[in-house]
Amino acid sequence: MPLPPVAEINNGSSKRISSDNGTTPTTGTASMLDTTPPLQENVHPNHALFKKMELLVERMQDEKEGVPIKNAKSFMSKVPSVFTGADLVQWLMKTYDVDESVSEAVSLASLTAAHGYFFPIDGHNLTVTNDGTFYRFQTPYFWPSNCWEPENTDYAVYLCKRTMLNKTRLELADYEAESLSKLQKMFSRNWEFIFMQAEAQAKVDRKRDKMERKILDSQERAFWDVHRPMPGSVNTTEIDIRKSCKLHKPLKTRKANYNVPGGRLSPSLLNKKNSLVNGQASSPHTTTTATADDSNNNQDTGSGGGAPGKKTSVSGSPPMSGVDLAASSSEDLHQMRDLLKHRLNKSHVKMSKVADFLIQSCEQYKEYDPMLTPAEPSNPWISEETTFWDLEKNTKDYSTRRVKRWAFSIDEVLRDPAGKEQFAKFLAKEYSIENLNFYNQVHELKKVSEKEVVEKVKAIWAEFLDPNSALSPVNIDSKCMDKTRKETQGPNPGRHTFDDARDHIYKLMRSDSYPRFIKSEQYRELIAAKRKTRSLMPIRLSTSTSPTNTS
Amino acid sequence: MADAAPMENHHPPGTPIVTPATPAGPEATHENENNNAAVDPENEQVQELESELSKLKDKLQSEREAVCDGMLNDTATSLDNLTRVRLKTRRTLNGHAAAIYTMCWRPESHEMVSGSQDGKLLIWDTHTNNKINIITLKCPWVMSSGFAPSGNFVASGGHDNAVSIYGLKGEMLPEKPIAQLTDHNGFISSIRYIDDTQLLCSSGDNSSALWDSNCGTKLTSYEGHTAEVMGLAGSSDNTVFVSGSCDRTAKLWDVRDKVAKQTFTGHDLDINSIAFFPSDRAFVTGSDDNSCKLYDIRSDQAVATYTQLNLNYGIGAVSFSKSGRLLFVACDLDVLIWDTLKSLKVGILSGHEARVSCLGVNSDGNAVCSGSWDAKLKIWN
């Protein structure tokens, strides 16, 4: 019997119960609108993601309801504490409403594995397959939410140790051997320290119980698979540089004692080993040479965006630090109150009406959306022909489809050079073409070079606005006229001098001339005219000519 | 539900903090023994205002609920379902050497600019696959880019906290920026050209700004967000724009006014990306909480949510198709395609080998371009 879907992870509907970082619920509950819960600082950018995954993993590990874990027997020896991929996938599908299919469950599992929460006991590829492959859980000590930033020296110690242990199953993979030789060059001066540490760790390892060792070794290997991924796999430790600013203060990073992952050894043993290893702790200066030698390549440093994040933390810090702050000066409050009042004065439109509008808008433009209706005559990227763009520029021949679009709004007319031309023709007949000319000229003003601006402003004023001598005067109200005159004749006539006047004229055209244009004979003739464009067999190639791979 | 603090608060970058960083009200007076007498009446006023504010907010919320007579997909049930949308990769643009973080189409064109961590801006003719221009940036941590409508300029910004404008006319390889707009205290997350000489940019210093790129002057500074502003989108007539921020809200601004007109809440985590619906009355936000929401301006709230049951990464970028019926969403390695009206997933574009960081549909709607951390850009249709 399927378990109820997990509220924390079920994002399917808008009825989320609670989100993981303890913030207030989403829409549907009356909460502080216009206010949001306090921001969290100093969390890893992937914090929310890790929390979700850890919840998932904890459920998996549940003794009664989790994934069945066993100690398997393979031909040579026992394999402790594993579960199969197939069991995992089945459990996922049973426990969560994973819609669609097995592949969703597999990709969910693989994503969790890629972050290092569990891993295949053989190989370095952190993905999950739906078969009998064995997987093991990672110890919480190594979870990414502990904000690990392992350094190259640590990696060097680890690889070095592997070579000492002299077991075939611990042989380095090709890429690991390459990394080791690179690291040897990098740390050539201090290699003895690394060697000593590796030796000490290897000694400790040899004394351990065989089964325990297997488990710990595999977990350590998986840890490095996350932080030094195999070539070709995704590096999940890369941090988005846009979020790296959140790392203001150094996160609690772990500088590890890899021999003592939490929870596996008894406390007394833990302390003993701690002191043993600590005696040979890496000296600080090796660490600094390490960072100095690191290139800015994401692959090398443990935290991809970490360096720039720290560098710019001085600029990136928001004024409030983590606390739900506000300088509640009465001025600010007044302003807020005015805003809210203003907003309340405006009516709210019913959502069903909004929905109708959105639907209508989508339907209207459906045939002009090349993703829904094949473009005419052809989509340039599919047919490799540029006729689509050539036709757009053409103002002589145009299809009914194009003309139809002009009826949607005045913006469509103004956007299309052919539309503009036709509209101009119409306005000329109505003796109101100066409006459109003015509109166009103001548009031009935005594009001219800095030196020509003043001249152009004066020219526009002279032609369209000067109450005494304008050649083709446009009609704007006196308030606007005064303002514009002041600016034109002032010290700094700029590109935006006529913006208000232009807005006025635009509204005039939209409410007056444009509707008449659409109803006019001229326009109706255009619509009714037969298509003048050349043969319009949309060119559909059954095989794409582009050499790139298709998804 | 005490009204803890108004959220429209800000303080402009560069000015010293004049008010103490403690919550106002009774506690402040207790600590401020010296000014007891003088502060009291002011505190009273502040308290009054605060209670008035909380009443207004409640009223606003109840108005919103009153018009909430069903989500978008409820009304859209009568529409036919779309058939599965299958798009293919038509071009793969190789040329960058490191993770791509930004791309921007030139308006009304098939030219495009892309920026990557290798410190380069590449200008492409996406149809012929040629690189029209290569610009080497001083600061490789580029996060945003913009393309002027005339094709004469491109702009870029990032962790250097400045918008750099490069001229494309005349020179084959523009060496230096022709202008640098440097009045921000945080990274530049997004740039949008309004016309050839004006651009909007959003910044990690919690503000957005309107710049005249010719004179290099900041015309307006839009303050109000309480955390980094991660993206902005302008309406097609360029009179209003919306911004999305790490404070989990989106705000609507009139270009001419430095105070936000409306605030939209609903997301649980950072908003990373924002885009206007083609007919301008609505916009969509993409967030780290793995959901996208369609907000309507006139009803002042979310009318649809697009999310799926999965542990995927947050949404990195969003973009509408020409009619608005389809929404392209960058989510981890894939681009998902949603039916905007019915809130159903209708397609998926797979092919990138690392996270897809940026996305854009060009003006005529013929193609969608995705840029990824695998250093490639792909054109799909």
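**Close-up 1. Strands E15 and E16 of chain B pair antiparallel through five bridges.** Strand E15 covers residues 240-245 and strand E16 covers residues 250-254. Within this pairing, Gly244(B) has Ala250(B) in E16(B) as its bridge partner. This is a predicted model: local features need pLDDT of at least 70, side-chain atom pairs count only at pLDDT 80 or more, and totals for chains, interfaces and linings use all residues; side-chain values use heavy atoms, with hydrogens and water left out. Residues are numbered from 1 along each chain as its sequence is written, and chains are lettered from A and ligands numbered from 1 in the order in which they are written. Helices (H or I, at least four residues) and strands (E, at least two) are DSSP runs, numbered from the N terminus. Two strands pair if DSSP finds at least two bridges between them.

**Close-up 2. Four strands of chain B form an open sheet in the order E14-E15-E16-E17.** The pairing is antiparallel. Strand E14 (229-234) and strand E17 (262-264) of chain B each have a single partner strand, so one side of each lacks a neighbour in the sheet. On average, neighbouring strands here are turned by 20° against each other, direction ignored. Axes are lines fitted to C-alpha atoms, for helices over the stretch in contact, and angles run from 0 to 180 degrees between N-to-C directions.

**Close-up 3. Another open sheet of four strands in chain B has the order E6-E7-E8-E9.** Its pairing is antiparallel. Strand E6 (142-147) and strand E9 (179-181) of chain B are the edge strands, and each pairs on one side only. Three bridges join strand E8 (residues 163-167) of chain B to E9(B), and the two run antiparallel. Ser164(B) stands opposite Gln180(B) in E9(B).

**Close-up 4. Strand E19 (residues 282-287) of chain B is mostly covered.** Six of its six residues are buried. Buried means under 20% relative accessible area, exposed over 50%, and partly exposed in between (1.4 Å probe, protein chains only). In a regular strand the side chains alternate between the two faces of the sheet. Ala282(B), Val284(B) and Gly286(B) point one way from E19(B). Phe283(B), Thr285(B) and Ser287(B) point the other way.

**Close-up 5. E19(B) pairs with strand E18 (residues 271-276) of chain B and with strand E20 (residues 291-296) of chain B.** Five antiparallel bridges join E18(B) to E19(B). Here Ser273(B) has Gly286(B) as its bridge partner. The hairpin of E18(B) and E19(B) has five residues between the strands, and Asp280(B) takes a positive phi near 75°. Five bridges also join E19(B) to E20(B), again antiparallel. Val284(B) stands opposite Leu294(B) in E20(B). The hairpin of E19(B) and E20(B) has three residues between the strands, and Asn290(B) in the turn has a positive phi of about 70°.

**Close-up 6. Helix H20 (residues 453-465) and helix H21 (residues 478-489) of chain A cross at roughly 145°.** Two packed helices are described by the angle between their axes and the distance between the axes. The axes of H20(A) and H21(A) come within 10 Å. Their crossing is left-handed: the near helix is turned anticlockwise from the far one by less than a right angle. H20(A) brings Val457(A), Lys458(A), Trp461(A) and Leu465(A) to the contact. They meet Met481(A), Thr484(A), Arg485(A), Thr488(A) and Gln489(A) in H21(A). Contact means heavy atoms within 4.5 Å. The residues of this contact divide into four nonpolar, three polar and two charged. Ala, Val, Leu, Ile, Met, Phe, Trp, Tyr, Cys and Pro count as nonpolar, Asp, Glu, Lys and Arg as charged, and the others, Gly among them, as polar.

**Close-up 7. Val448(A) lies in the loop between helix H19 (433-445) and H20 of chain A.** Val448(A) is buried, with a relative accessible area of 16%. Leaving aside neighbours within four places in sequence, Val448(A) contacts Val453(A), Lys456(A) and Arg495(A). Its C-alpha atom is separated by 36 Å from that of Glu367(A), 81 residues apart along the chain.

**Close-up 8. Arg337(A), in helix H12 (residues 330-345) of chain A, touches residues of chain B.** These are Leu49(B), Glu52(B), Leu53(B) and Leu56(B), not counting residues up to four places away in sequence. Arg337(A) counts as buried because its relative accessibility is 17%.
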